[in-house]
Amino acid sequence: MSANAELINPPPAKLVVDRVTKSFKSQSGWLKALDDVSLTVGEGEFVCLVGPSGCGKSTLLNLIAGLDTPESGTLSSDGAPIIGPGRERGVMFQEHALFPWLDVLGNVLFGLQLKPSLNKAERIDIAKYYLQLVGLGRFVHANVHELSGGMKQRVALARALAPNPRILCMDEPFAALDAMTREHLYADLQDIWAKRKKTIIFVTHNVREAVCLGDRVVLFSPNPGRIREEFRITLPRNRDINSVELAEHATLITRTLKQHNTTTNTSE
Amino acid sequence: MKRSLVAFIFFTSLVGIWQILVSARIWSPVLLPPPIDVARYLWAALQDGSLAEGTWVTMKRLLLGYLIGCVIGLPLGLATARSKYLSDTLGVLALGLQTLPSVCWVPLALLWFGQSEAAMLFVVIMGTLWSVLIAVDNGARNLPPIYVRAARTMGSKGLHTLLKVILPASLRFVVSGMKQGWAFAWRSLMAAEIYVTLLTGYGLGHLLHFGRELNAMDQVIGVMLIIVSIGLAADKVLFSPCERFLQKRWGTAA
């Protein structure tokens with residue numbers, strides 16, 4: 001296999017979450033993080049999971065990534081049940097989670113080294129391609145601590161993309177960055193998504209961010225974690241987070257979110 | 001360049017002060033010989049080969065024992081960090097034995113192995129093993145869990161995770177543990193060599209011991225200088241490169 005063959009996209013996956021329940025033990029007893037949640041994500045779709053903290057959106061992402069197992073219900077990607085982490089599902093965390101003992105290239109190579117079909121030169125070609133894609137072609141041999149927060153998340157994105165996963169799970173990846181850096185990354189992520197054709201599940205608590213990035217915004221509500229409503233976003237791409245139409249969409253969703261908060265608060 | 005000049009001036013002044021103290025004749029020259037006598041002893045000992053042989057014998061014992069200690073301690077430390085049972089048993093044992101000054105192993109080693117190389121090796125291994133084990137355990141235990149999670153999502157598991165993630169992530173602890181192990185091994189070996197005469201080889205500790213028996217203060221101070229130099233050299237050759245690497249990659253002092 002050559003680097004070019006590896007860089008050709010497999011078809012993006014279709015993801016099915018079927019009646020999944022997951023609880024965690026807390027000090028005040030059992031907490032239902034996910035209660036009977038079902039969700040179907042189409043091939044190549046960009047889905048944003050939005051909701052207040054504790055609504056189960058990150059829990060669902062962990063289940064999709066295979067880092068956790070559900071109490072009941074099933075998850076499958078392309079018909080195959082998800083029973084653990086796998087290369088076909090890349091993950092990007094809120095913290096960059098880069099390995100400080102490796103340089104930038106070494107970090108991107110980490111996942112590629114677990115693909116036995118490639119030789120060393122091909123792996124390096126692929127890693128460099130992705131570093132170029134995230135705009136860090138000049139920082140191949142930099143150490144992690146020398147990079148800014150935004151650059152670290154770019155490396156993390158390159159690392160998640162390098163093994164060519166079919167699904168990319170992103171858990172509030174831009175939450176810790178400053179606004180300017182974030183806006184750059186919104187534009188770049190939309191470009192990369194268009195170019196690399198992934199199915200993306202993106203968790204955020206920022207409604208505007210969700211509207212800017214997603215084909216679909218799935219709104220969660222907490223206690224117990226359930227899907228409250230879904231919004232299809234048909235604004236043309238690439239979207240600018242500061243545009244007026246985008247703000248209108250976001251306001252609508254935020255209103256729904258607040259409505260739910262007041263109803264639950266009065267009922268309690 | 002400037003720094004080495006400062007260092008040179010510092011150490012030259014130390015020798016100068018030493019010479020002044022000798023010239024002041026506060027103590028008998030038997031107790032405090034002039035620097036030139038020590039230099040003369042070192043030169044003679046170099047010529048007759050006793051110094052080279054002593055250094056060689058000592059380093060052989062030290063390096064071999066140290067290596068064995070590290071090779072055993074490293075995997076055991078990873079194991080105690082990963083398994084609750086091992087941590088409750090071997091981990092507690094290691095913690096206890098680590099607090100034991102390693103020179104305390106000498107009497108036991110003599111009874112078990114007699115006045116032999118094996119006894120020396122045993123003492124050095126005991127000095128190294130426990131602190132390496134504890135440090136690696138500590139490093140692997142305090143690992144941010146996000147590293148292992150991230151590695152798992154890229155398809156890493158089992159032995160691969162252990163060798164490619166957990167071990168390098170605890171590298172800072174491993175290096176400081178190996179450094180401490182080295183210091184303990186070095187101290188215990190010196191104590192053992194001063195304490196016990198082995199016919200299979202005279203180490204630096206023996207030279208020191210003979211110096212005392214012969215009332216030859218020039219020899220005592222000379223051998224001490226050599227021991228200090230070896231300690232410094234070990235730090236520069238073995239550990240400084242590791243620490244520089246850690247500093248470069250992590251961006252912090254180890």
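How many bridges join strand E3 of chain A to strand E9 of chain A, and do these strands run parallel or antiparallel? Select residues 46-50 and 216-221 of chain A, and you have E3 and E9, which run parallel and are joined by four bridges; helices (H or I, at least four residues) and strands (E, at least two) are DSSP runs, numbered from the N terminus. This is a predicted model, in which local features need pLDDT of at least 70 and side-chain atom pairs count only at pLDDT 80 or more, while totals for chains, interfaces and linings use all residues. Residues are numbered from 1 along each chain as its sequence is written, and chains are lettered from A and ligands numbered from 1 in the order in which they are written.

**The sheet of chain A**

Within this pair of strands, pick out A:Leu49, which stands opposite A:Val218 in E9(A). Now widen the selection to the open sheet of six strands in chain A, whose order is E6-E7-E8-E3-E9-E10 and whose pairing is mixed; two strands pair if DSSP finds at least two bridges between them. E6 and E10 (226-232) of chain A stand at the edges with a single partner strand each, so one side of each is left without a neighbour in the sheet.

**Where chain B meets chain A**

Next, show both chains: the contact takes 19 residues from chain A and 16 residues from chain B, where two residues are in contact if their C-beta atoms, placed from the backbone, lie within 7 Å. On the side of chain B that touches chain A, H7(B) gives the most, with six residues.

Select H7 (residues 145-153) of chain B, in which B:Ala150, B:Ala151 and B:Thr153 are buried, meaning that 20 or more other C-beta atoms lie within 10 Å of the residue's own. These residues cover an arc of only 160° around the axis, which puts them on the same side of H7(B); the arc is that of the directions from the helix axis to the C-beta atoms. The buried residues of H7(B) pack against helix H2 (57-65) and strand E6 (89-92) of chain A, together with helix H8 (158-169) of chain B. Just after H7(B), look for B:Gly155, which takes a positive phi of about 95°.

**Two helices of chain B**

Finally, select H2 (residues 35-48) and H3 (residues 50-82) of chain B, whose axes come within 5 Å and cross at roughly 75°. That makes H2(B) roughly perpendicular to H3(B), a term for angles of 65 to 115 degrees. Here B:Leu42, B:Ala45, B:Leu46 and B:Asp48 in H2(B) meet B:Ser50, B:Leu51 and B:Ala52 in H3(B).

Conventions: Buried ≥ 20, exposed ≤ 12 C-beta atoms within 10 Å, placed from the backbone. Axes fitted to C-alpha atoms, helices over the stretch in contact; angles between N-to-C directions. Parallel < 35°, antiparallel > 145°, perpendicular 65-115°, else oblique.
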